[in-house]
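Hello,

Here is the structure we talked about, with notes on what turned up in it.

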Amino acid sequence: MKNILVTGGAGFIGSNFVKYMLQNYTYKIINYDKLTYAGNLENLTDIEKHPNYKFIKGDICDKDFVYRTIKESQIDTIINFAAESHVDRSILGAREFVITNILGTQVLLDALKEFKLEKFLQVSTDEVYGSLPENQREIKFSEKTPLKTNSPYSASKAAADLLCNAYEHTFNLPVLITRCSNNYGPYQFPEKLIPLMIAKALDGEKLPVYGDGKNIRDWLYVEDHCSAIATVIHKGKDGEVYNIGGSNEWYNIDIVKLILSKLGKSENQIMYVKDRPGHDRRYAIDSTKIQTELGWIPRYSFENGIEKTISWYIENENWWRKVMSGEYLKYYEKNYSGKII
Ligand code: NAD
Ligand code: TYD
């Protein structure tokens, strides 16, 4: 492994991963990203001149350009982060999710076959497993849990996972899949829970909590996700799925209250809004396999990770103000205006 194509490397997790790899390894990293609303080259300004880094603006659905990039940059490994990633947007319109998440993955898998690459890692999500019961905390998602998707986003990610399995099985290709729980940390687009609530709290605005606020997510600091992917690409067994999580379940409402209290703000800012349609109740990952077979462990406690994250958003106000303008304002109006109770 020498030259890695990181697709979606200008997004939240992708940009953190590019930096993680440049800091810890000597591979050449080619960041291939379409720069949708979620892709932002400002996430990468500190490493843009790094000798082992190159950015290429491109769409994973564009077969000719993907193939040209692989040839010209002598790519031997693909790590696919590129995706439409927000459940609420997938409810407003599923088409882009089907195009990028499914057809885009198919193009990359064909490239893997055509160029006989060394490795392909699909960055997937725990959401492909559906929803867990709230009151049976001993039940968690294992790699053997059947796929049962509930949102257009998770359905498109599961379809991509199934394509990965099919290419691995039919063509005997070196494919790995990781399925991670909810991430948080620097550079997360403030349409997702934690950065949205930090931004709203700082601005003294209302914090929109869906339903009763008792949905549960299992939060992992983004750098721990990056180290897990690096572990899987180096030590994972072809054809295997690895779940990644921090055993860190929180009710949404408790996360929101924690953010308010850390910022010294009042809980009066909380505004319960109409629930997300089809809202999954609980996610929780069992990451025994990656921990015991590959020796990965998360480094960040939630206390530590959330402190770092809140500090980052306080110190990088310009970053989030910029991305929360323009197209974002139209989306916010569309998603939330019908939800105010
Ligand atoms: P993100 O929305 O922040 O970033 C996605 C990136 O993909 C953006 O830079 C965007 O420009 C790029 N992109 C979109 N369509 C593209 C296309 N057709 N061609 C090339 N680039 C394209 O997403 P994220 O939160 O960083 O998630 C990255 C990956 O991790 C996704 O595959 C997501 O499903 C998965 N994942 C995310 C989480 C999470 O909590 N955020 C958890 C588990 C798994
Ligand atoms: P989100 O960050 O969109 O991630 P996902 O839906 O992929 O888990 O949402 C995390 C949780 O927070 C989810 O249960 C929905 C809830 N949520 C709110 O209550 N209000 C909001 O404004 C948003 C964006 C999310």
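Strand β5 contributes the most to the shell around ligand 1, namely three residues. Please keep in mind that this is a predicted model. Besides β5 (119-125), helices α1 (12-24) and α5 (152-171) each give two or more residues to that shell. In total, 29 residues surround ligand 1, and the closest are Ile13, Asp33, Ser85, Tyr153 and Lys157. By class, the shell around ligand 1 is made up of twelve nonpolar, twelve polar and five charged residues.

Lysine 157 has a side-chain N or O atom 2.7 Å from an oxygen atom of ligand 1. Threonine 100 also uses an N or O atom of its side chain, which lies 3.0 Å from a nitrogen atom of ligand 1. Ligand 1 taken alone exposes 840 Å², of which the protein buries 97%.

Now to ligand 2. Which residues come nearest to ligand 2? They are Glu127, Arg217, Arg276, His279 and Tyr336, out of 20 residues around it. The shell around ligand 2 holds nine nonpolar, five polar and six charged residues.

Tyrosine 210 takes part through a polar backbone atom, 2.9 Å from an oxygen atom of ligand 2. On its own, ligand 2 exposes 510 Å², and the protein buries 98% of that. The elements that supply two or more residues to the shell around ligand 2 are α3 (87-92), α6 (193-202) and β8 (207-210).

Last, helix α7. Is α7 largely enclosed or largely open? Eleven of its 14 residues are buried, so the rest of the structure largely encloses α7. Among the buried residues of α7 are Val222, Asp224, His225 and the run of Cys226, Ser227, Ala228 and Ile229. The length of α7 (residues 222-235) also checks out: at 1.5 Å a residue its 14 residues should span 20 Å, and the end C-alpha atoms are 20 Å apart, which agrees.

Regards

Terms used: Residues numbered from 1 in each chain as written. Chains lettered and ligands numbered in written order. Predicted model: local features only at pLDDT ≥ 70, side-chain atom pairs only at ≥ 80, totals over all residues. Heavy atoms only, no water. Helix = DSSP H or I, 4+ residues; strand = E, 2+ residues; numbered from the N terminus. Expected span 1.5 Å × (residues − 1). Buried < 20%, exposed > 50% of the residue type's maximum accessible area, 1.4 Å probe, protein only. Near = heavy atom within 4 Å. Polar contact = N/O pair within 3.5 Å; in protein donor to acceptor, adjacent residues only side chain to side chain. Areas by Shrake-Rupley, 256 points an atom, 1.4 Å probe, with all protein chains shown as cover. Nonpolar A, V, L, I, M, F, W, Y, C, P; charged D, E, K, R; others polar.
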